[in-house]
Amino acid sequence: MSGSSFEILPDDILYGIFDYLSPVDVLRSFFSLTKRLSNMIINEYLWHIHIGDSTMSLLMFNDHCQNVLKLIGSRVVSLRLTLTNTIGGWSLISSSLQYHQTILLQRLHLIDIKPHEFDKLLRNHLIKQLHTLLVDVTLSNPFNSLQIEGVYLVKVCSQLPLLRICRLSFNHDNGNVNQIKNYSLGYQMTLPNLLNANHLRTLTIGIHTSYFLQRLLLCIPFIENLSVGIQDQYINENDANEIISMPTTIDAHLLRYLSRLFIHCVNRISFHRTIGLLSSVFGQLCHLSLKLEAFTLISGPLIISGDIIQQVCIDRLKPMATYNLNLLLYVQNDLKEKIIFNSFFKVPFTHQQRPRVVIQECDKFDLSDMYHRFMVYTLPYNDTILSSFMFSRDLEKSCQMSINAIDLFSRANELVLSGYKKTNRLSDLGNCRSFISSLVPWSLLTKISVDGGEVITSVRLESILCLAYNVHTLQIHDDRAILPRAILLNTDNLGTRVYYQIKSLDIYDVTLTLQNAQRFCTLLANRLPNLKKLSFNICYSYYEWKLNLSRATDGKNKYTKRIANLIYFLADHLQQLVSLHINFSNLTFSETPCFPHLIRRQLHQYPPNRLYRLQCSFNLIQIWF
């Protein structure tokens, strides 16, 4: 179709065409056709843009910044940035947006931005008009090491007066919690700043303490949807010197608009304190979601049982309210009688048709004989990560033959394989003819994690990857190198399956050292030349073998050159590689063969044959190609 043919099309038709294409495709295909189309693209159309993913190269990311944001940045109303595996990604975005005096941006979604980058963003005048800010981070992000609760919530609300929807999903570092007597001082310094300008309607925050939540609830009077994670310091209720204090229940009038509540509690004291604090608002909720992982006892003031869940949660909801549960309990000294486990079969909510409740025991391969582990969850299941032990006979009994797995686990994207291969049901899981296999939402999965070399055989893993045909990320934690060796040597065709399907590979193998790392990289490059993301570890102490580190200059240079040679080799032989992580770990002592200043100097003097960005510490080398 010629440019003149597009000229006769009305604006709404053209906008509909643009909606089906990426911004890059629109600019390349239409921008130079006619003056009308150029003017429409730059001055009239409102853009919703997503830049970056976990396997986007530095060159492509920079191209999006230079050739998309610089051109149409002033008309972008919604921007989603995936900064996972990028180094200095926000600086590239920011420099492109600075070309525009004003922008229309109202919704910003940031995935894995770093704290120093986020601080710069909050000082940027171009985001003052945001009404939606979403920040999601990975577990390794420095945001999860913050020592002051609420510091970024205060920063965000003070800088963005129009904000209505906010998600700051990172966790407070509970290991750095101050003493309780110091809590009030810290909160008085921060949270009251929210009172005047805050008009939040939806708020999601990561793991904090119930003491912080207690103060926060006084500062969000217009909140409608609230999602919080709570982890308080452990209390031993058997210790006579321990004082178990419960908070005063919040006045429901202060949260009169709250209708949807999501609570994630990490231990039993967090559960009891949070429920005690919020019990007054349960009667006004339209929906309650409770996620709980806790060690509990068969008796005591902090017990968690079926009766407790029924009384303090379910019975307080209004009749038409909906709810979902995701409970994982470890009960001490209850393996034989299973008192807590059986209590869930005796309460009314587990016998209702909607929501359907699954109660199932879990393998105890990683626990001592002191604990009985089981799950209680409602269907559909709302978490994104599925554990293989969930696919049990209990789930089979709860499901009909005609049920659709996607309806059961509509949000799932990762399957974690765990247990011991002689006792778990992974053989059934990988058998496409078995009923339990039909309950796995194979088409939704994009990542599979294997927690141990004894979890699954190479044959079973190959069959599971065949069923999970959309999986592109494979993570393996193996202390015996069984599965990594099977991939590299193509045992049972596992290497061939990984070659055709996997683009991102993460291997933790304690047998991998500087002595055999070059051979590992050579085998990897020969077997999997199409990898886009690679992460592996180098152990510098492994049982009988220990790296003989020398603090002399020649010793440091020796290890630096050896590590640099691995980087050069992988950059040359994995041509599609965009992200490389080399982790340095040890089992017995604290020295490291990685010297950041020497690595930086080496790669600066003799750079790889590709454009790159480097981030380096004593324990991690990260390169973005």
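Trainee: Is Tyr500 buried or exposed?

Mentor: The general idea is a scale of relative accessible area, on which buried means under 20%, exposed means over 50% and partly exposed lies in between, using a 1.4 Å probe and protein chains only. Tyr500 has a relative accessible area of 62%, so Tyr500 is exposed, whereas Tyr499, at 28%, is partly exposed. Keep in mind that this is a predicted model, in which local features need pLDDT of at least 70 and side-chain atom pairs count only at pLDDT 80 or more, while totals for chains, interfaces and linings use all residues. Residues are numbered from 1 along each chain as its sequence is written, and side-chain values use heavy atoms, with hydrogens and water left out.

Trainee: What is the mean pLDDT of the protein chain?

Mentor: Reading pLDDT as the predictor's confidence in each residue, from 0 to 100, you will find a mean of 87 for the protein chain, with 89% of its residues at 70 or more. Over residues 177-189, however, pLDDT stays under 50. Where pLDDT is low, the predicted coordinates should not be read in detail.

Trainee: How many aromatic pairs are there?

Mentor: Rings of Phe, Tyr and Trp (its six-membered ring) pair if their centres lie within 6.5 Å, and planes under 30 degrees apart are called stacked, those over 60 edge-to-face and the rest tilted. By this rule there are 21 aromatic pairs. In one of them, the ring centres of Phe118 and Tyr152 are 5.7 Å apart and the planes stand at 45 degrees, so this pair is tilted.

Trainee: Which residue lies over the face of Tyr152?

Mentor: A charge sits over a ring if NZ of Lys or CZ of Arg is within 6 Å of the ring centre and within 35 degrees of the ring normal. Lys155 lies over the face of Tyr152 at 4.4 Å from the ring centre, and Arg373 lies over the face of Phe389 at 4.9 Å.

Trainee: Which residues is Cys362 in contact with?

Mentor: Contact means heavy atoms within 4.5 Å. Leaving aside neighbours within four places in sequence, Cys362 is in contact with Leu328, Arg373, Phe374, Met375 and Phe389. Cys362 is found in the loop between strand E11 (356-361) and strand E12 (371-379), and its relative accessibility is 11%, so Cys362 counts as buried.

Trainee: Where is Asn85 found?

Mentor: Asn85 is in the loop between strand E2 (76-82) and helix H6 (89-97); with a relative accessible area of 7%, Asn85 is buried. Residues up to four places away in sequence not being counted, Asn85 touches Ser54, Lys533, Ser579, His581, Gln622 and Trp624. The side chain of Asn85 reaches the backbone oxygen of Ser54 at 3.0 Å, a polar contact, meaning a pair of N or O atoms within 3.5 Å, where within protein one must be able to donate a hydrogen and the other to accept it, and residues adjacent in sequence count only if both atoms are side-chain atoms.

Trainee: How many helices and strands are there in the protein chain?

Mentor: The protein chain holds 24 helices and 23 strands, and of its 625 residues, 53% count as buried.

Conventions: Helices (H or I, at least four residues) and strands (E, at least two) are DSSP runs, numbered from the N terminus.
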